[in-house]
Amino acid sequence: RPRVLSGIQPTAGSFHLGNYLGAVRQWVALQESHDAFYMVVDLHAITVPQDPKELRANTRLAAAQLLAAGLDPDRCTLFVQSHVPEHAQLGWVMNCLTGFGEASRMTQFKDKSAKQGTDRTTVGLFTYPILQVADILLYQANAVPVGEDQRQHIELTRDLAERFNTRFAVKGARPTFTVPEPYIVKETAKIYDLQDPSVKMSKSASSPKGLINLLDEPKTSAKKFRSAVTDTDTVIRFDAEAKPGISNLLTIYATLTGTAVADLEQQYEGKGYGALKTDLAEIFVEWVTPFRERTQGYLDDPETLDSILAKGAEKARTVAAETLATVYDRIGFVPAK
Ligand code: TYM
């Protein structure tokens, strides 16, 4: 079975609809066909200040939401990044292989650090993508299911994998790392803010009314769908350039219901935007209500949740330790006997 690996930050508490449609939904599907490793990336979370109590709660909350979304611990490996020390260990090695200029070109870092100012930006935020490289390479992942905003980090992963493989090639031996492919589903690679469909939906950038948090009161989210920004035209047609607002709603509608966008265009021919928004609001509420209940169910039983994560970490460590041992050997570290 080919292998996939991906991660999600626990920082935000509730996942938003972009996280779900852009990434988590694919994770659920891929556990059927792939050897799948998914993690909550708490090491990445501390690149910005975190309250310890909230971080702990949000890490469990993230795991609960992943299970509620359909990850099955019998069919995938679900774990917390800090439970597997090899991430930090390989991260250091990868830091030493990355050019300073190369890291400086990461657009997510440039955006985030510009917003924070240099004095508040940590070195951890700067090396964040390199830790992500280590996350992926440790598991020899063939593919990495993510949204569009992660593409550059996967490209860096490919570059560093190839660099290591070449620099530390051993004649007759397999290359150290599998070079991974991004797995980005075009239709849902970028879900947009409901109030400003020119920017992606995100915790940091979206206006509260443009952001759909999965764990909010469903009524609140329904209202946001009904007041989503569209254009002054009235025709329901997918056209990402000319009609970004309605196109975003069509994408969300089509994905949540498993309908083709073309069928929706037909279904809503001659009807106004209001009808589509009201229907989408209802569809979302129907989908999210059981999701919220299942999440709460996992939170109500923290022992089960923690034991799922412990088992996941154990499985993950076996794979990660094997890769790290090869890396340490090829670099020339003396084994600790
Ligand atoms: P994070 O936690 O910001 O986001 C989790 C996933 O959600 C996707 N996503 C979106 N997809 C579509 N539309 C949107 N508006 C939207 N917003 C977010 C993201 O692309 C991501 O797939 N660096 C990663 C976490 C990470 C990781 C990894 C991922 C750490 N190590 C190794 C893959 C492999 C991040 O911050 O994702």
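In this predicted model, the lining of the largest pocket has, by class, 19 nonpolar, 22 polar and nine charged residues. This lining is made up of 50 residues in total. The volume of the largest pocket is about 1500 Å³. Gln 9, Gln 108, Lys 112, Asp 149 and Lys 200 are the lining residues that lie nearest its centre. Two or more lining residues of the largest pocket come from each of strand E1 (3-8), helix H1 (17-30), helix H6 (107-116) and helix H7 (123-138). Of these elements, H6 gives the most, with six residues.

The second largest pocket has a volume of about 320 Å³. Its lining consists of 20 residues, which divide into 10 nonpolar, six polar and four charged. The residues nearest the centre of the second largest pocket are Lys 186, Glu 187, Lys 190, Phe 238 and Thr 251. The elements that give two or more residues to this lining are H1 and helix H10 (244-257). The largest share, six residues, is that of H10.

Terms used:
Residues are numbered from 1 along each chain as its sequence is written. This is a predicted model: local features need pLDDT of at least 70, side-chain atom pairs count only at pLDDT 80 or more; totals for chains, interfaces and linings use all residues. Side-chain values use heavy atoms; hydrogens and water are left out. On a 1 Å grid over the protein atoms alone, a cavity is a set of points where a 1.4 Å probe fits but cannot get out, and a pocket is an open set with protein on both sides within 12 Å along at least five of seven lines; lining residues have an atom within 4 Å of a point. Grid points are joined across faces, edges and corners, and a volume is the space filled by probe spheres set on the points. Helices (H or I, at least four residues) and strands (E, at least two) are DSSP runs, numbered from the N terminus. Ala, Val, Leu, Ile, Met, Phe, Trp, Tyr, Cys and Pro count as nonpolar, Asp, Glu, Lys and Arg as charged, and the others, Gly among them, as polar.
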